[in-house]
Structures are given as structure tokens and as C-alpha cells.
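Q: I'm new to this one. Can you walk me through some of its helices?

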Amino acid sequence: MTPFIAKVAWWVGIIGWYVIRYPHQRRSRRTPVAEKREPVRDRVLLGISFSGLFIVPVIYVIADEPRIADYPFSPALATLGVVAFVLSLALFYRTHRDLGRFWSVTLEIRETHRLITSGVYRYVRHPMYSAFFLWALAQALLLPNWIAGPAGLIGFGTLFAFRLGREERMMEATFGEDYRDYARRTRRVVPGVF
């Protein structure tokens, strides 16, 4: 593993993410939205996350800036980064498949929305967030730069911190006791931990 291959692996992961998301995004747009929660706030949080997971690392991968924040490259860490990205993409794909037409980028309830508790949702309530944390971890391992590497953890971590509670309250308001029962038997992001 070399720094160049690590950057190529990061690009392949980004392209994989887009290839997975695109058909699901097109399909979900055809399902009418019944309720949206705080769309402006949600868009700002998505922008922060996008900056950390895409804009900052793209600048580093293309321009190798900011060089002042570089640290020595580790092939072993980069290899772990590739593994984390592959796991992230697999979970990302499975999450979209399990959610089907009920998936959305922002906090929305679709018409005829139902609570999904099967597939990966049997183990955690927010596997999409788990996939994004794996992506952010992969980025930190692949890009040996104190700014570009952890930018994904900071960007997505901000979205996670300010959105998760609101999302869970929306689900509880929509699905009531069914969601409360589901929440009692599952973890939020990591099975058996959180």
C-alpha cells in the first residue's frame, strides 16, 4: 500500500457510495412525503457532514493541501482503512435495500411509511449512521493528514450529534409504542454497545 493507492481507494469508496445511493434516491423521490422536520436545519447539518466527508478530503487528495498537517503514511493503517470502507459500503447498500422507498436524505416521513425492523434494522436502529461512521473512520485511516483525515469524523459527528435525538423523537411520534418497543430491544448505532 502506498499513499497514491490509499487516495485511489478513497476515490473508489466515494464512487461506490454514489453508485449505491443514486438508484435509491431516484426511487424514494417517487414516494410522496407526508411530513418534513426542520428542513433548513437539516440541510445545514448535511452541508457540514458533506464538507467533512467530501470537500475537505477532495482538496487534500487532489491538491495535497494542507501539507503542513501531514503525518507519516502507514501502509497498515491504510489497509485497515480499505477494509473499513468496504464494510461501510456493504452496510450502506444493505441499509438502503432494507429501507426501500422509505429512505430519505432529510428527516421525513413518507406516505404509507412503516417501521422497518428487519434486515440490519433487527440489530441497530440507525445502520446508515453506522455506515457513515465506518466511512469517516476509513477516511481517517486512508488519508495521513491531521485535517483531511478526521474531517469526516468531525463533519458527520456534528450531523449525528444534532440530528439523532430529533430523528428518534420523529419516529416515536409517528410509530408510538411500536417504536418504543423496537428501541428497547435494539441499540442505536453499534450492536450491543450504543
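This is a predicted model: local features need pLDDT of at least 70, side-chain atom pairs count only at pLDDT 80 or more; totals for chains, interfaces and linings use all residues.

Q: At what angle do α2 and α5 pack?
A: About 170°, with the axes 8 Å apart. α2 covers residues 39-63 and α5 covers residues 148-175.

Q: Which way do α2 and α5 run relative to each other?
A: They are roughly antiparallel, because the angle is over 145 degrees.

Q: Which residues make that contact?
A: From α2, they include Leu45, Leu46, Ile48, Leu53 and Tyr60. From α5, they include Ala151, Phe156, Leu159 and Phe162.

Q: What classes of residue are in the contact of α2 with α5?
A: Twelve are nonpolar, five polar and four charged.

Q: New topic. How many residues does α1 have?
A: Helix α1 has 27, residues 3-29. From first C-alpha to last, α1 reaches 39 Å, close to the 39 Å expected.

Q: Where does α1 bend?
A: At Arg21, by about 30°. A proline, Pro23, follows within four residues.

Q: Which residues of α1 are buried?
A: Among them are Trp10, Ile14, Trp17, Ile20 and His24. Arg21, where the bend sits, is also buried.

Q: What covers the buried residues of α1?
A: The cover includes α2, α3, β2 and α4.

Q: And α4, how many of its residues are buried?
A: Twelve of 16, so α4 is mostly covered. The buried ones include Met128, Tyr129, Phe132 and Trp135.

Q: What covers those in α4?
A: The cover includes α1, α2, α3 and α5.

Definitions and conventions:
Residues are numbered from 1 along each chain as its sequence is written. Side-chain values use heavy atoms; hydrogens and water are left out. Axes are lines fitted to C-alpha atoms, for helices over the stretch in contact, and angles run from 0 to 180 degrees between N-to-C directions. Helices (H or I, at least four residues) and strands (E, at least two) are DSSP runs, numbered from the N terminus. Angles under 35 degrees count as roughly parallel, over 145 as roughly antiparallel, 65 to 115 as roughly perpendicular and the rest as oblique. Contact means heavy atoms within 4.5 Å. Ala, Val, Leu, Ile, Met, Phe, Trp, Tyr, Cys and Pro count as nonpolar, Asp, Glu, Lys and Arg as charged, and the others, Gly among them, as polar. The expected span of a helix is 1.5 Å times one less than its number of residues. The bend at a residue is the angle between axes fitted to the seven residues ending there and the seven starting there. Buried means under 20% relative accessible area, exposed over 50%, partly exposed in between (1.4 Å probe, protein chains only).
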